[in-house]
Amino acid sequence: MQKRRIAILGSTGSIGRQALDVIRQHMDLFEVELLTANNSSELLISQAKEFNPNSVVICNEEKYKEVADALQPHYIKVFAGMQSVCDLVGSESIDIVLTSMVGFSGLSSTIAAVKAGKTIALANKETLVAAGEIVMKLASEHRARILPVDSEHSAIFQCLMGSAGADIEKIHLTASGGPFRTWNKEDIAKATRAQALNHPNWSMGSKITIDSATMMNKGLEIIEAKWLFGTEGDKINVVVHPESIIHSMVEYADGSVIAQMGHPDMREAIQFAFSFPERLTLDNRKLDFAQLGSLSFFAPDFEKFPALGLAYEALRIGGNMTCIMNAANEAAVAAYLQDRIGFYQITDVVRECMQGADFVAEPDLDAIFATNEETLIKAREIISRI
Ligand code: MG
């Protein structure tokens with residue numbers, strides 16, 4: 001394998017840090033070209049000193065001087081602001097762009113990377129939820145390959161390998177069920193933020209961990225799967241699998257089901273996106289089936305987790321509705337993390353925004369940005385009334 005040069009957008013977040021761990025294990029095969037972070041200047045500086053990228057971007061302009069002063073002796077170029085990320089991702093010297101920033105804010109830089117024809121290791125699922133049709137169309141126009149990093153979608157992608165052209169009968173998207181899987185609705189309604197942030201299997205950032213507790217994360221992933229694999233919502237089945245050993249499955253017309261398995265460890269999916277189609281060694285925990293003994297599966301509870309139903313509905317309606325759902329959810333999760341609303345009010349805010357939405361059937365990119373802005377304003381109004 002020829003050495004691959006990687007840009008990590010969001011390098012100080014959970015996925016970004018795990019990506020650097022993958023690179024650390026294969027310094028002969030991967031090279032860091034660009035690191036970007038929103039706010040965490042100290043960690044960004046130490047990552048840059050260790051991996052010696054060509055450039056770094058700190059999005060928060062107030063922290064530019066701190067980062068520039070620290071890295072100047074190392075001959076690493078330092079830039080500030082979101083626009084710099086968009087300007088740099090298209091650089092000649094970059095082969096793969098890992099999009100591991102959080103939420104809708106990742107859309108413009110992802111589009112810039114797609115337009116430059118880069119291979120995208122996609123971890124920012126909100127990009128496809130908000131603008132899946134536009135992003136996939138641009139990717140095919142600019143021959144940008146999109147490789148999934150979300151563990152479920154990496155699994156599906158791997159289950160599809162060697163079956164080119166075969167019809168997918170069903171995608172079985174596995175869900176851990178989150179921390180409230182076995183709780184009753186009354187207790188979930190009163191859950192504290194700390195309880196919602198305590199995910200049983202995966203260690204992730206706070207936004208996605210709350211999304212896992214509401215199961216909106218699975219809702220976002222249904223929409224992500226539709227765009228990545230061209231599968232309609234009625235062929236995407238969610239199955240709760242608390243052990244998170246099977247990362248997802250594909251069922252074919254003959255009833256044969258292919259599953260991809262492993263202990264929950266995001267580095268597996270990140271590394272496969274970096275090394276595809278090759279497989280490399282990884283210092284992780286291997287499966288011992290005799291020790292596992294059994295695996296369990298349950299149907300999801302749409303009553304306890306209304307976000308799932310909202311996501312199927314948004315996908316069925318199409319247009320800008322999935323963008324509306326995503327924006328409302330981002331605003332509501334932020335408010336929940338600040339203790340401003342209760343747990344079930346997250347999905348109440350999403351539902352209310354979806355019901356009162358200005359629907360656009362065929363949004364272009366400008367309409368998507370406008371929808372996101374308008375929905376954030378609307379969601380914040382609803383939140384302040386609560
Ligand atoms: Mg996932």
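Which residues of α12 are buried? In α12, Met266, Arg267, Ala269, Ile270, Gln271, Phe272, Ala273, Phe274 and Ser275 are all on the buried list, where buried means under 20% relative accessible area, exposed means over 50%, and partly exposed covers what lies in between (1.4 Å probe, protein chains only). Nine of the 10 residues of this helix (residues 266–275) are buried, so α12 is largely enclosed by the rest of the structure. Helices (H or I, at least four residues) and strands (E, at least two) are DSSP runs here, numbered from the N terminus.

A word on the ground rules before we go further. This is a predicted model, in which local features need pLDDT of at least 70 and side-chain atom pairs count only at pLDDT 80 or more, while totals for chains, interfaces and linings use all residues. Residues are numbered from 1 along each chain as its sequence is written, and side-chain values use heavy atoms, with hydrogens and water left out.

For a view from one of its members, take Ile23: apart from residues up to four places away in sequence, Ile23 touches Ile6, Ile8, Phe30, Val32, Phe51 and Phe274. Contact here means heavy atoms within 4.5 Å.

Next, the metal. The magnesium ion is coordinated by Asp150 (OD), Glu152 (OE) and Glu221 (OE), at 2.1 to 2.2 Å. Donors are N, O and S atoms within 2.8 Å of the metal (3.2 Å for Na, K and Ca), and water is not among the atoms, so sites may look incomplete. Along the chain the donors follow the spacing D-x1-E-x68-E. Glu152 in helix α7 (residues 151–160) and Glu221 in helix α11 (residues 216–229) are 69 residues apart, and the pair links distant parts of the chain. Glu152 is buried at 8% relative accessible area, and Glu221 is buried at 1%.

Now to the rings. Rings of Phe, Tyr and Trp (its six-membered ring) pair if their centres lie within 6.5 Å; planes under 30 degrees apart count as stacked, over 60 as edge-to-face and the rest as tilted. By this rule the count comes to 10 aromatic pairs. The rings of Phe180 and Trp183 have centres 4.6 Å apart and planes at 55 degrees, so this pair is tilted. Phe180 is buried, with a relative accessible area of 0%, whereas Trp183 is partly exposed at 25%. Phe180 also forms an edge-to-face pair with Phe343, at 5.2 Å centre to centre and 90 degrees between the planes. This pair bridges 163 residues of sequence, from the loop between β8 (168–175) and α8 (185–189) to helix α16 (residues 343–355). Ring pairs link Phe180, Trp183, Tyr336, Phe343 and Tyr344 into a cluster. The charged end of Lys185 sits over the ring of Tyr344, 5.4 Å from its centre; the rule asks for NZ of Lys or CZ of Arg within 6 Å of the ring centre and within 35 degrees of the ring normal.

Our last stop is helix α10 (residues 206–214), where Asp211 is found. Asp211 is buried, with 1% relative accessibility. Leaving aside neighbours within four places in sequence, Asp211 is in contact with Met216, Asn217, Leu220, Asn329 and Val333. Seven of the nine residues of α10 are buried, and these pack against α6 (125–141), α9 (193–196), α11, α14 (306–317), α15 and α16. After α10 comes Met215, whose phi is positive, near 70 degrees.
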